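Please look over the sequence and the model below. The report that follows goes from the whole chain down to single pairs of residues.

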Amino acid sequence: MNFRIIQTRNNSLNMTSFFRRLGHRQLSVQAAVQPKRSGNSQNIVLVDGVRTPFLTSGTSYSKLMPHELARHSLLSLLQKSKINKELVDYIVYGSVIQEVKTSNIAREAALAAGFSDKTPAHTVTMACISSNAAITTGMGLIATNTYDVIVAGGVEFMSDVPIRHSRKMRALMLKANKAKTLGQRLSLLSTFRPAFLAPELPAVAEFSSGETMGHSADRLASAFNVTRKEQDDYALRSHTLAKKAQESGFFTDLVPFKVQGVDQVVDKDNGIRVSSPESLAKLKPAFVKPYGTITAANASFLSDGASACVIMTEEKAKQLGLKPKAFLRDFLYVSQDPVNQLLLGPAYGIPKLLKKAGITLKDVDTWEIHEAFAGQIVANLKALDSDWFCKTYLGLNEKVGSVDLSKWNNWGGSLSIGHPFAATGVRLCMHTANRLVREDGKLGVVAACAAGGQGVAMLIERYPGATAD
């Protein structure tokens, strides 16, 4: 890895003080802080959003199809927001591991949910930030006055991923389909080999590097001197805060789902498990063996789930008598070396977003950052607080600084709640909007890394009079 080893004396997280600062504090709104407006003169608002419970793959959703999960999120959004589906101009929906039968899942889910066949819909894919891409695509359609009301979201279904025949077997079958005589068919049959039957699973490695994300996370943690204990402590924090938020009824974006064939209504995320430091320490490395620090407990798990939100101009919301959750103030995407900096999207995106908006770390009241791995989160925090990294890789004169962890992922994150790849972006935005209300804040930042060495950063502002229901 081409990172210089970062000295831990100045940049390492002090996990003792880390936990001392976990208490939820009331955050005072700084009236003087006003982010710079982007070139778009319209106020685009997030009216509301929903998500299905996020479940570990292979559990209660396992007999569904992806568009059925997406359908539930769309129907629940209409019910919660009380928006007539005929008012929706366009639907943008994300998906990563796609079901081939419903390749444009946005359209299939919309039709299944009863939207008009005159409502266009398209599917986007950008790995873990696919629903962020759906939202920002919608913002662009609104900013250009193309449409007024956009539904955006995403779905991921890891319980049933496409498994293909090998390429040689596929080629043989295609040739056999074109064979016209018995002789041609027998000739093709003679070329068959048992090895052709070996299945081709969806790739778990990065196409550009051939390396799994877990291996990359292990190397990143090592480069930034992130210890196994720091990672386990962060993972425990995520699960502990998620459990507290769940029990406090803060997940108001979650809508129950009565799944056909399942006796009980699915009404909560099922991956939240508060363990003990001793139990976490016993787990063996999952990727780099035997010396790696990434384990099953400090990495996000394969999940099923769907999400959806509705965005429009503030003027349109007022016309319809709706009370938005938040202003969608700004966003940007970043990309960097997919080999050595695969998971550093937040470290690249956050400084650019702050500069673009004319604000500083201290102006941000809530942080909602995607947790792919605990090591990735801690490495990004150390990168932001490293003079060397910020000067060398970001071209800054000094480090961005240390983030106030009392404002960071206070309701847990992807490590605990779950991470259906294309559905997480809406959750991050909704948790930001609702946390700004409950924690009396004004500005929130959403950021995430994604496969391919990409990332997103978004700025969200609490809407006056917004509620967290």
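## Buried or exposed

A residue counts as buried when its relative accessible area is under 20%, and as exposed when that value is over 50%. Anything in between is partly exposed. By this rule, both Arg435 and Glu439 are buried. Keep in mind that this is a predicted model.

## The whole chain

Along the principal axes, the C-alpha atoms fill a box of roughly 80 × 60 × 45 Å.

The secondary structure comprises 16 helices and ten strands. Buried residues account for 55% of the chain.

Strand E7 spans residues 326-335. It is mostly covered, with seven of its ten residues buried.

Which strands pair with E7? One is E10, residues 454-462, joined to E7 by nine bridges. These two strands run antiparallel. Within this pairing, Asp330 has Leu459 in E10 as its bridge partner. Another is E1, residues 44-51, which pairs with E7 over two bridges. This pairing is antiparallel too.

The largest pocket has a volume of about 1,300 Å³. Its lining counts 41 residues, and the closest to the centre are Ile97, Ala203, Val204, Ala205 and Phe421. What kinds of residue form this lining? There are 26 nonpolar, twelve polar and three charged residues.

The second largest pocket holds about 340 Å³ of space. It is lined by 14 residues. Pro351, Lys355, Leu396, Lys399 and Val400 lie nearest its centre. By class, this lining has eight nonpolar, two polar and four charged residues.

## Salt bridges

How many salt bridges does the structure hold? There are 20. One of them joins Arg435 to Glu439, with the closest N and O atoms 2.9 Å apart. Both of these residues are buried, as noted above. They also belong to a network of salt bridges that links Glu368, Arg427, Arg435 and Glu439.

Another salt bridge ties Arg462 to Asp440, and its closest N and O atoms are 3.1 Å apart. This pair links distant parts of the chain, 22 residues apart. Arg462 sits in strand E10, while Asp440 lies in the loop between helix H16 (424-438) and strand E9 (443-450). Arg462 has 24% relative accessibility, so it counts as partly exposed. Asp440 has 30%, so it is partly exposed as well.

Glu314 has 14%, so it is buried.

Conventions:
Residues numbered from 1 in each chain as written. Predicted model: local features only at pLDDT ≥ 70, side-chain atom pairs only at ≥ 80, totals over all residues. Heavy atoms only, no water. Buried < 20%, exposed > 50% of the residue type's maximum accessible area, 1.4 Å probe, protein only. Helix = DSSP H or I, 4+ residues; strand = E, 2+ residues; numbered from the N terminus. Pairing = 2+ DSSP bridges. 1 Å grid on protein atoms, 1.4 Å probe; cavity = no way out; pocket = protein on both sides within 12 Å on 5 of 7 lines; lining within 4 Å. Points joined across faces, edges and corners; volume = space filled by probe spheres on them. Nonpolar A, V, L, I, M, F, W, Y, C, P; charged D, E, K, R; others polar. Salt bridge = Lys/Arg side-chain N within 4 Å of Asp/Glu carboxyl O.
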